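Thanks for coming. Today I will talk through one structure, and I will keep to what can be read from the atoms. Please have a look at the slide.

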Amino acid sequence: MRSVPSIIHLDMDAFFAAVEQASKPSLRGKPVIVGGLGGRGVVSTASYEARKFGVHSAMPMAQARRLCPNAAFLTGRFEAYRANSEIVMGLLRERSPLVEPLSLDEAFVDLEAGPYGPALAAATPAEGAQLVLALAEDLRADIVERTGLTASVGAAASKLMAKIGSEQAKPDGLVLIEPGSEQAVLAPMPVRALPGIGPATEQALRRAGLTSVADLAEAGFEELVGLLGKAHGAGVFQMALGWDERPVVPDRDAKSVSVEDTFEVDLADRERILREIDQLAARCVRRLRAAGRSGRTVVLKVRRFDFSTLTRSETLGGPTDDPAVIAATARRLAGQVDTTGGVRLLGVGVAQLADYTQEDLFAQAEREEKAEREEEELGEEGEEADEAEVSVEPAVRRWWPGQDVTHREFGPGWVQGSGVGRVTVRFETPYSEPGRVRTFAVDDEGLSASGALPLRPPAVQG
């Protein structure tokens, strides 16, 4: 372990929602919720103003609307998120070549490998800590100057403690954890504060009376290995003592994204298994979107009652992050596995990753709305219409809340909402005062989709 807290973890504050507020002056200081707006949509990110009402990531959008009905509900604009992520990651790489991105808005940085490495190596622990604080504050100030966004930073002698420091710093703060104080900082925390401890592991530890990190450290190596197995138990014990020698791995390029759950009681009911697969698919999609990725291959992992583990996969025609597509594919794969004896573990993953594009998002939203319309039409008619009576209507242009647009006469703006053949647009830019609202026909020839504007004027960007 290092004597200088030269590893930092940076986490942008409510990143997607913060980008929307910075882009749209009329939304600053107001609750903003970003996510899927269809009937099955979930919250991707909620601004801090929305979190005061109990809204949080992964919550069903319908529940978020009940809790915070006056919020601005927007679809995501990944073009804008990726552009600002690249600015932030560029600033990190100016500090060190060892930058490990975890998602669009989160990364570890090893300052010892950067231009200030020799100064940190020659400094006393106290001097080194002061230098790291100064570097971290300069970094946060540069991010504000270049993007107008805020970030929280944790600095420590290890990745584990740097991550915990950034959590304590939120929002818009900086926490430095002194080397040697790791156990004192960790001791009062719940066991879920440690990475790798999910709901199932937490329940296993709770049954043994272990609820805090201090309890884990006191339990010792042998007891944790007995409870969790050799590899997992040893890892948890080391983390409980604050030991973490994992290096910062530059530009980590994940080959896949996956989630899994181990069940306290083996699942035997087929419908319950399929419902769990749906939930795992939704969680997997949230990770995909957080990383700004999509993927072509869906993978299902099943560990049966006898501990035999099977995997099945299916490669799609193109990359996707559509939760309905991934869930349906995983369900098909489940049909290839005999689960009659019970299932101990389920996992859903996506491989062959590709960069996420905004066009994917709009296509997904259109598919969701089309599916819901078809369900409503079938419910009303009760039977299929006679083919002779079906008329072909011209395609209708669709506009999504939050989408960037421009009008020939009024300039750039964004869509506030649409329906009944009309679209409402607020005309403002990141550098303007809150703008005026105007309503147009959805097929107004003067209105067109446009790209995201930078959050700072070009002179500042350069």
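Predicted model: local features only at pLDDT ≥ 70, side-chain atom pairs only at ≥ 80, totals over all residues.

Start with the two helices. Helix α1 covers residues 15-23 and helix α4 covers residues 78-95. Where they pack, their axes are 10 Å apart and the angle is about 100°. Angles from 65 to 115 degrees count as roughly perpendicular, so that is the word for α1 and α4.

Which residues in α1 and α4 meet? On the α1 side they are F15, F16, V19 and E20. On the α4 side they are F78, A80, Y81, N84 and S85. Sorted by type, the residues of this contact are six nonpolar, two polar and one charged.

Now the rings. How many aromatic pairs does a search of the whole structure find? It finds 10. I will show two of them.

The pair to begin with is F16 and F78. Their ring centres are 5.4 Å apart and their planes lie at 75°, so this pair is edge-to-face. F16 has 6%, so F16 is buried. F78 has 7%, so F78 is buried as well.

The other pair is F78 with Y81. Here, too, the geometry is edge-to-face, with 5.4 Å from centre to centre and 70° between the planes. This pair sits within helix α4: F78 and Y81 are three residues apart, and therefore separated by about one helical turn. Y81 has a relative accessibility of 0%, so Y81 counts as buried.

Put together, F15, F16, F78 and Y81 form one aromatic cluster. All four names were also on the list of residues where α1 meets α4.

Last, two arginines. Where does the charged end of R51 sit? It sits over the ring of Y48, 4.4 Å from the ring centre. The charged end of R65 sits over the ring of F73, and there the distance to the centre is 4.3 Å.

That is the end of my part.

How values were computed:
Residues numbered from 1 in each chain as written. Heavy atoms only, no water. Axes fitted to C-alpha atoms, helices over the stretch in contact; angles between N-to-C directions. Parallel < 35°, antiparallel > 145°, perpendicular 65-115°, else oblique. Contact = heavy atoms within 4.5 Å. Nonpolar A, V, L, I, M, F, W, Y, C, P; charged D, E, K, R; others polar. Phe/Tyr/Trp six-rings, centres within 6.5 Å; stacked < 30°, edge-to-face > 60°. Buried < 20%, exposed > 50% of the residue type's maximum accessible area, 1.4 Å probe, protein only. Lys NZ or Arg CZ within 6 Å of the ring centre and 35° of its normal.
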